[in-house]
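This report goes through a structure shown below.

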Protein chains: 2
Amino acid sequence: MTGTEPVAEAESGARPAARVEGRDAILEAAAAAFTERGYTATTIDDIADRLGATKGRVYHYYRSKADIFLDIHRYAMQRMLDVVTPLAQGGDPPEARIAAMVRAHAILLMTSFPFQRVSVQGLERHLAGRVTERQRAALDGVIRMRDAYEGLFVRVLEEGVAAGTFRPLVPRRAVKPILGSLNWLTVWYRPRPREEAAAQALIADEMVEFVVRGLRP
Amino acid sequence: MTGTEPVAEAESGARPAARVEGRDAILEAAAAAFTERGYTATTIDDIADRLGATKGRVYHYYRSKADIFLDIHRYAMQRMLDVVTPLAQGGDPPEARIAAMVRAHAILLMTSFPFQRVSVQGLERHLAGRVTERQRAALDGVIRMRDAYEGLFVRVLEEGVAAGTFRPLVPRRAVKPILGSLNWLTVWYRPRPREEAAAQALIADEMVEFVVRGLRP
DNA sequence: CGGGCATGATACTACCCGGTAGGTGCAAGA
DNA sequence: TCTTGCACCTACCGGGTAGTATCATGCCCG
């Protein structure tokens with residue numbers, strides 16, 4: 001959790017009085033645990049163990065496991081939106097913007113891997129039905145963010161098609177394989193202790209190349 | 001479960017004496033349940049309920065939940081291999097072969113959706129550590145199948161690069177975004193009762209277009 | 001220096017779920 | 001009609017886990 005705005009306090013599933021740093025530590029540990037074992041198989045004790053703490057600490061900051069899960073999703077999406085939104089709206093030609101967005105998306109997937117991986121692996125399935133009203137609202141918020149994020153790509157695609165930069169594709173459809181090729185990173189990529197930045201840049205460049213070529217007339 | 005060979009009996013996690021039809025019914029119900037709730041959140045009772053039966057029936061055919069899970073993966077991978085292997089090995093030029101493979105992969109994802117969705121969502125994570133020796137062997141088998149499947153694509157890419165049909169990419173790397181754009185289908189696609197075939201063909205064609213263009217020089 | 005509050009640990013409880021043990025009914029021989 | 005065995009069910013157990021109630025500690029502020 002480096003460099004992002006915390007999400008609006010009001011929408012957070014955290015307990016109202018909880019300090020932000022304490023909350024972030026929980027989220028980070030939980031993201032790592034969820035990444036490793038999946039949501040249901042992760043126990044609150046798993047999360048606490050990663051902090052060298054006990055359940056008490058976790059429940060001091062969060063009311064429930066589902067709330068932690070939802071907050072991770074919100075953080076992950078918020079970071080993506082923060083980074084990619086300006087790139088989508090710059091004055092550059094559509095191809096350059098898409099390239100920048102794809103690169104940023106790929107890099108972000110790798111640099112905040114646990115959060116993004118949890119985010120990509122989806123959430124509806126895990127919470128289907130079993131949510132309180134408050135959680136339902138948070139869930140809807142995350143889904144809206146996701147739709148908005150996809151919308152960023154769709155709009156640039158529309159522009160590019162209109163300008164003839166891209167072939168005549170259907171933006172709402174074409175965006176799926178684009179995000180798919182990117183998000184699949186969370187399945188095969190494994191963060192390595194060393195060599196990070198250079199290797200990540202290489203991977204990101206290959207993604208850009210593949211996507212941009214796939215769009216040209 | 002239509003039209004595929006059952007997997008070799010010896011490697012199956014099913015109980016030895018279990019009839020194949022009964023076993024397939026369990027697998028189908030389990031695939032649907034896992035698709036909906038995920039592996040851990042799905043209970044044996046969920047699976048039994050889908051069959052209008054009770055736990056007893058499930059345990060009559062399978063020794064454990066993990067065995068069912070593994071069998072679903074094996075079925076799904078086997079189907080992919082059965083369909084795509086001949087396409088990868090035909091005498092057509094690399095671009096035509098990749099196109100056929102991509103189309104077949106996409107169609108198969110949609111037509112046997114629950115199985116393929118479970119398969120794509122991965123398995124190691126859910127079973128990490130907690131497997132018997134017999135299950136470990138089955139797990140390794142599935143992983144080998146997956147590697148072999150990816151290898152089909154890699155080899156065609158290599159040929160295409162050598163022939164100058166594709167740009168000078170690294171096949172082992174380039175295969176990731178290709179399968180990613182395809183497998184992402186399991187995240188956003190939802191099978192609809194009607195209109196199946198035509199809509200599926202349309203989606204598959206768009207995938208082919210995107211992938212093939214992404215590979216050209 | 002003392003009281004209050006944030007922070008966290010400990011010790012429960014209640015429940016859920018995977019897996020098992022042992023039975024029941026029915027169909028097909030003999 | 002009796003027997004055998006498969007297919008499946010009922011009833012249960014035991015372990016694990018989310019969540020809670022309560023207590024301990026120490027830091028800030030008057």
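## Phosphate contacts of DNA strand D

In this predicted model, a polar backbone atom of Thr42(A) lies 3.3 Å from a phosphate oxygen of DNA strand D. From chain B, an N or O atom in the side chain of Tyr61(B) is 2.4 Å from a phosphate oxygen of DNA strand D. A polar contact here is a pair of N or O atoms within 3.5 Å.

## The surface near DNA strand D

DNA strand D is surrounded by 14 residues, and the closest are Ile44(A), Lys55(A), Tyr59(A), Arg19(B) and Tyr61(B). A residue is near the strand if one of its heavy atoms lies within 4 Å of it. These residues divide into 4 nonpolar, 6 polar and 4 charged. In this classification Ala, Val, Leu, Ile, Met, Phe, Trp, Tyr, Cys and Pro are nonpolar, Asp, Glu, Lys and Arg are charged, and the others, Gly among them, are polar.

The largest share of this surface, 4 residues, comes from α3(B).

## Two copies of the chain

Chain B is superposed on chain A by a rotation of 180° with 0.0 Å of shift along its axis, at an RMSD of 0.1 Å (least squares on the C-alpha atoms of residues with pLDDT of at least 70 in both copies). The two copies are therefore related as by a two-fold rotation axis.

## Packing of α4(A) and α6(A)

Helix α4 (residues 65–89) and helix α6 (residues 113–120), both of chain A, pack at about 105° with their axes 9 Å apart. Helices are DSSP runs (H or I) of at least four residues, and axes are lines fitted to C-alpha atoms over the stretch in contact, with angles from 0 to 180 degrees between N-to-C directions. The angle makes α4(A) roughly perpendicular to α6(A) (65 to 115 degrees).

Residues of α4(A) in the contact (heavy atoms within 4.5 Å) include Phe69(A), Ile72(A) and Met80(A), and those of α6(A) include Phe115(A) and Val118(A). By class, the contact has 8 nonpolar, 3 polar and 1 charged residues.

## Conventions

Residues are numbered from 1 along each chain as its sequence is written, and chains are lettered from A and ligands numbered from 1 in the order in which they are written. Local features need pLDDT of at least 70, side-chain atom pairs count only at pLDDT 80 or more, and totals for chains, interfaces and linings use all residues, while side-chain values use heavy atoms, with hydrogens and water left out.

Terms used: Helix = DSSP H or I, 4+ residues; strand = E, 2+ residues; numbered from the N terminus. Parallel < 35°, antiparallel > 145°, perpendicular 65-115°, else oblique. Polar contact = N/O pair within 3.5 Å; in protein donor to acceptor, adjacent residues only side chain to side chain.
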